[in-house]
Structure formats: structure tokens, C-alpha cells
Amino acid sequence: MVRVSTGARIHFGFLNLSLARDRLYGGVGVALDEPRVVVAAEPASDVRCRHPAAREYAEQAVDLLGADGVDLSVERTLPRHAGLGSGTQLALAVLRAVGAATGREADVRRLAPEMGRGGRSGVGVATFEAGGAVLDAGHPTARFTTDRPEDGSWSVPAVAARHEIPDRWRFLLVVPDADPGRNGASEESSMRSVVERADAQTGDRIAGIVTRRLLPALAEGSAERFGEAVESVGRLNGTWYADEQGGVYRPPVGALVSSLSESPVVYGAGQSSWGPTVYGVTDADHVDEAVDAGRAALADADIDGSVSVARGRNRGASVE
């Protein structure tokens, strides 16, 4: 039996969504050590799995790798469609587990598109591979199509920059009890609608923040400046999505972000992907105070939810 374990990721936003610029998308995100996806697998004569989504991925993986079958179980999983990368991390964990259990090489970067992953953002694939803080290169804008391309017809965006996440940085996760983030056909439709009308100058502002503030903060290890930079990136991304999600942040995220931003121990806050997860950047010296700030934000908004703190993860998925 083999066991594959991988962590969640935070997605801070994209570099550009305008068709007026040469490159489209370009995801920015970080790998987390928790929460995690853990799947176990051993060879079998057919596909056996009680988890519906994992079973579908297992069937795809068995077909792609030319294996006979696999007996697969999901021991831990991420909340689905919460902005933490549940779909990509589960798909790639299953792919890697099937390969390891059946003695076949599973090139996740090459095969992720065949499983419908890594089409826009390459952050989830890159963090599965090697962890860290990642900026992907996006796609040439000329490749954009009004209809969703078929699975396997794209390549995962290359990693344009990767930095180790400093040991003392921590990431506050506030997950309100709210409807799941957009996914599937709804997400696809929303993204294409946003791209077709996105303001190019917003992307230019984001590019300046990433090159002059975010990447230098990573290189210098400043959680304060990094938090301020990713909050700015997220807020600007939200202006692109405002018509699709009901504001710069989807309800009820805006109230939580506003509350967290007032805390001196939360250096930056925002919405991960389509939410509803809200992140905050802090450090090891202020974990307890950051957790208190997260609970206070939920209480002020009169919303139930969970609050946790995660370390960054500087290595890819583990296989045992």
C-alpha cells in the first residue's frame, strides 16, 4: 500500500485577466501544510473507491497510466469548493497514488490537463510538485477561446517564480459557514465573462505590486510587506469579479476581510480563489492573537465558522 499526502493552497489572484495584454491569467499563491488531503492505494483488478470524486479521478488515472485497477481510500480531504484547492489536490494525489501503487510513472504536470486540472492557474499543480510561494507564467492571450477547451488540450502554466516560505510566517484561515465557491460550469462561465470585459489597467497595477512589493517581500522575508501586497492584489482582482460575485469580495467575505484588516497582528487579508475561505498573513509570534482576531471577525459578522492557523509548506506531496 502507498499513501500520498498533500496540503491545501491559498490562491491570492491573477496577474491579468484582460485580453488586451499579451499574457492571460498568471496565478499567485502559496502552499500550506494544513489542512491536508491523504489518500491510500494498493493495486487491484478493477477500480474500488467509496469516495465519489476520488473514484472518478481514480478511473481516469487508471486509464491514463494503463493500469489494471486500484483499491483507493480517502483518509483526509479538504472542504470542497472552499477556496483551498480541493479539486486539484485530490485529483493529483489520486493520480500519484495510482502510479505509485501500480509501479507506473505519473507525471502530474503532463497529465493534470487530461484530468481537467491546471487550465487557468498553475498554482495548484506547482504547489503539489514542490510547495512554496508560486507565481505562474499564465498563457499567451492568443490561445483564449470563448468555449472551454477539451480536457488535455492545454498545458499547465510554467512556474515563473518560486520562493521558499519563511519558517516563521503563518497563515490564518477563517472559513465561514457559507455556500461553496463557484466551481464547474458556473465557474467556467463566470471566468469567461470576466475575461471578456476585464480592464487592462487593473492588471498593470497588479503587475507593479507583484514585481515591486510582493516578490521583494518574499525575497527579504517580510511577512508585513507580503501581507500588504497580497491584500492589494486580492482587492484589485475583486474589482474584476464584482459583477459576478456581488462585490469586491463575495458575501459574507467582505465583512470578515474588513474586520481582520483592522487587527495589527494580521498583516493582510483577503479571499482565497472564489472563497468562502478568508486568509490572513501573520507570524509565529502572533498566532494566538490572530486566532482571536479571526473569531472576533466571525462574531462581528454574526456568522458561524472555523478558525485555524497553518504553516507554509516548502516541499511537494509526500509518498510513503
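Residues are numbered from 1 along each chain as its sequence is written. For this predicted model, local features need pLDDT of at least 70 and side-chain atom pairs count only at pLDDT 80 or more, while totals for chains, interfaces and linings use all residues, and side-chain values use heavy atoms, without hydrogens and water.

**Strand E1.** I looked up E1, residues 2-16; strands are DSSP runs of E with at least two residues, and helices are runs of H or I with at least four, numbered from the N terminus. Of its 15 residues, 13 are buried (under 20% relative accessible area, 1.4 Å probe, protein chains only). E1 pairs with E2, residues 23-43, in the antiparallel sense over 12 bridges; pairing needs at least two DSSP bridges. A hairpin of 6 residues joins E1 to E2, and Asn16 stands opposite Tyr25 in E2. I also found E12, residues 318-319, antiparallel to E1 with 2 bridges; Val319 there is the bridge partner of Val4.

**Asp136.** This residue is in strand E5, residues 133-136. I found Asp136 buried and without a salt bridge (a side-chain nitrogen of Lys or Arg within 4 Å of a carboxyl oxygen of Asp or Glu). The nearest side chain of opposite charge, Arg23, is 7.4 Å away. A polar atom of the Asp136 side chain lies 2.7 Å from the backbone nitrogen of Gly122 and one lies 2.8 Å from that of Gly138.

Definitions and conventions:
Buried means under 20% relative accessible area, exposed over 50%, partly exposed in between (1.4 Å probe, protein chains only). Lys and Arg count as positive and Asp and Glu as negative; His and the chain ends are not counted. A polar contact is a pair of N or O atoms within 3.5 Å; within protein, one must be able to donate a hydrogen and the other to accept it, and residues adjacent in sequence count only if both atoms are side-chain atoms.
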